Amino acid sequence: RVPQVQPRAEELSELYRELSQHPGLSTACLGPDLTTQYGGKYCSLYTEWSQRDLARAENIKFCRQYLIFHDGASIVYSGPAGTCSEIKDELLSRESPSGTLKAVLRKVSGKEKEKEKQFLEVWDQNRKVKSIDLTALDKHGSVYDDDQFGCLAWSHSETHLLYVAEKKRPKAESFFQSKAPELGTSDEDTGHPKKEDAPVKVVSPHPGSAGGWLCGCGADQAVPQGEQFVYHEDWGETLSTRSVPVLCVLDIEGNSISVLEGIPEHLSPGQAFWSPEDTGVVFVGWWHDPFRLGLRHCTNRRSALFYVDLTGGRCELLSEDTRAVWSPRLSPDGCRIVYLENNVLGPHQQCSQLRMYDWYTKHTSTVLEAVPRQAWGAFPGIYCGALPGMCWAADSRRILLDTAQRSQQDVFVVDTATGTTTSLTADSPVGSWSVLTIDRDLLVARFSTPSCPPMLKVAVLPAAGREAQTQWICLQDAPPVPGISWGIRTLQPPPEQEHPQYRGLDFDAILMRPSKGPTGQKPPLVVMPHGKSLSPPHCTPARRHHAPFALPFAGGPHSVFTAGWMLYPAALCRAGFAVLLVNYRGSLGFGQDSVASLPGNVGTQDVHDMQLCVERVLQEEMLDASRVALVGGSHGGFLACHLIGQFPDTYRACVVRNPVVNIASMVATTDIPDWCLTETGLPYKPDALPDPAQWTEMLHKSPIRYVNRVHAPVLLMLGEDDRRVPPKQGLEYYRALKARGVPTRLLWYPGNNHALAGVEAEADGFMNMALWLLKHLQC
């Protein structure tokens, strides 16, 4: 008798509804220390969580507060204070250094036909003290609330706020615009410029003082004709409204908004903060010459660290200008800035260097180098999209970070003076650990496993040399989801599949399987190759909301499945499927050699690793080898399409989301054309078109080459607004399959980009995926 997995849509939808209600933890912020009447210390812990609301078809954000009593060396007591409260229309928020004030960027729906507005608010402990209508002031475009550029930074004096917004673009009109000043049209309508805003006068070493490098917004120019349809480059996937960012300052006492001048026009500034003593602003600047490339999840774009002096107006380069830098963090004593650094171009994500700039000596040093090979017991290297927004210990010498260590994620403390590293989670449960914040050596982290949703952990960082003794306390528990067992296994490719330059590399896979079910029945297997990680990012300097995404489905191939909570695999496992998550060679967390081994070998090395893992698991586990399916997105979709073409007899069904199908046709339409050449093993030059041999090589490494061999039914899910892997890739595959009579179905999601992370699209995607697998895996 053929074993049946849950057959009815009603049961699947109820299962998805249940598991999707587990909230994701995105942000934590510690308040100032207070003293009780008995002399003990305590502080508040503010946290933000996100959760899918299927009825409203949106992700909601809510906050919860806790109290932590401590004696400086350990936590005496901790517990929740009050109930959850939903946060409405908040884009960014940030507490002041003293903890007495809070800045909030809020969106407000316009009345009738008015567009949505943005307000910048300042709150003290009891009330709102400022509310500035940024839209009405019209000094700039929309404020950036993304992780790439966005910031909301208090000056050390708590008198000014720094943020990033789109540069105000002059209005344009047609060559045939009617001009009738005698009918009472305004100066603006007739093309007469407004009077220039008076520049902010500055006379002390504080923001808005002494120079003239804060300018109201510059003079509006005469209205240009015939330019309303001029193309403006943007920064690609998820950043399509980001073109020309500018740094802006709110003078809280004077209620004035100013745009910071002095930044070179060939740079896009972001990730900014106030320099020591508030004499200027430190920022990351990304080059956009000769043109902008996609920036989201691409840590290899030419960029550098800069300082713009408010007293003299000069813009100074603080780092090398031939590298890629991001995530700068100023030490509590204001003496040092640490940041991450990579090579320009090459793999989009790789093992990064940790660099440090001394503010007073102007000396830059390398704290941690890239690690060639991962070895247990040694630091694996840095593989993260950002450092925690608050990462410095109170001694201004040690920093905290989390990084992938093979198929798990761990927290490490780094001594910036010696370069020594110590794991804070080595003796803790295996899973996925992320640093949310550290303040006054109170450490807050998030922890999850494939069978346990995110939970909140707190600890006190021990003194230097004793960090391994860190004791974690669970502040908000999340009980394990029943019915799921999992484990990590390591595989070694056979000698004939070794990379000639990087021999000895191995790789991992996480196998999840139902822990309950009829005795003797073998569950079907769903195989998932990863793309590029879209898991919730770190707490950044300005707190913002992130959807708790189902899977790392974007871009790739240099990403990694870590042993953390993922909605789709957990739901499939509860529905009766075993799920295999494969970290093939080229994944992060295994050393830079593993990353470097894959470019030029996509479509072979990664495909062979996948197939080896599937065959090994089917041999060693009680699984139904006649019912194996593939699910993957982006580069994971690339691999899924390769596998059903190269090994058509292994797989009975396939589901792909925004898959890379034809690298040769993708190179001219994607926001990351460099990816197409780099992963094919070809050099990328912005001013050179691929030659015929290169086009051939890109096509040769693409899964469309094997479409004639595919007979497994294929379900495609495409995001209409995908800039990374444009939906024409999936349409090309859909038509090729239809023409050959292969059962196929296409789902088209308007308003969704590469991640397909909209709540409605995500839920619909799961249901259609699960029903497709159930239909086609019944032997």
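Strands β15 and β16 (residues 280-287) pair in the antiparallel sense, over six bridges. They belong to an open sheet of four strands. The model is predicted. A second topic is Arg 373, which sits in the loop between β22 (364-368) and β23 (398-405).

**The four-strand sheet**
- The strand order is β15-β16-β17-β18, and the pairing is antiparallel.
- β15 (267-274) and β18 (315-317) stand at the edges. Each has a single partner strand, so one side of each is left without a neighbour in the sheet.
- Neighbouring strands in this sheet are turned by 35° against each other on average, direction ignored.
- Pro 269 has Gly 285 in β16 as its bridge partner.

**Arg 373: setting**
- The loop that holds Arg 373 runs between β22 and β23.
- Arg 373 is partly exposed, because its relative accessible area is 34%, between the cut-offs of 20% for buried and 50% for exposed.
- Ser 594 lies 221 residues away from Arg 373 in sequence. In space, the C-alpha atoms of Arg 373 and Ser 594 are 7.6 Å apart.

**Arg 373: contacts**
- Leaving aside residues up to four places away in sequence, Arg 373 touches Tyr 502, Arg 503, Gly 504 and Leu 505, along with Phe 590, Gly 591 and Asp 593.
- With Arg 503, the side chain of Arg 373 reaches the backbone oxygen at 3.0 Å.
- With Asp 593, the link is side chain to side chain: a polar contact of 2.7 Å.

How values were computed: Residues are numbered from 1 along each chain as its sequence is written. This is a predicted model: local features need pLDDT of at least 70, side-chain atom pairs count only at pLDDT 80 or more; totals for chains, interfaces and linings use all residues. Side-chain values use heavy atoms; hydrogens and water are left out. Helices (H or I, at least four residues) and strands (E, at least two) are DSSP runs, numbered from the N terminus. Buried means under 20% relative accessible area, exposed over 50%, partly exposed in between (1.4 Å probe, protein chains only). Contact means heavy atoms within 4.5 Å. A polar contact is a pair of N or O atoms within 3.5 Å; within protein, one must be able to donate a hydrogen and the other to accept it, and residues adjacent in sequence count only if both atoms are side-chain atoms. Two strands pair if DSSP finds at least two bridges between them. Axes are lines fitted to C-alpha atoms, for helices over the stretch in contact, and angles run from 0 to 180 degrees between N-to-C directions.
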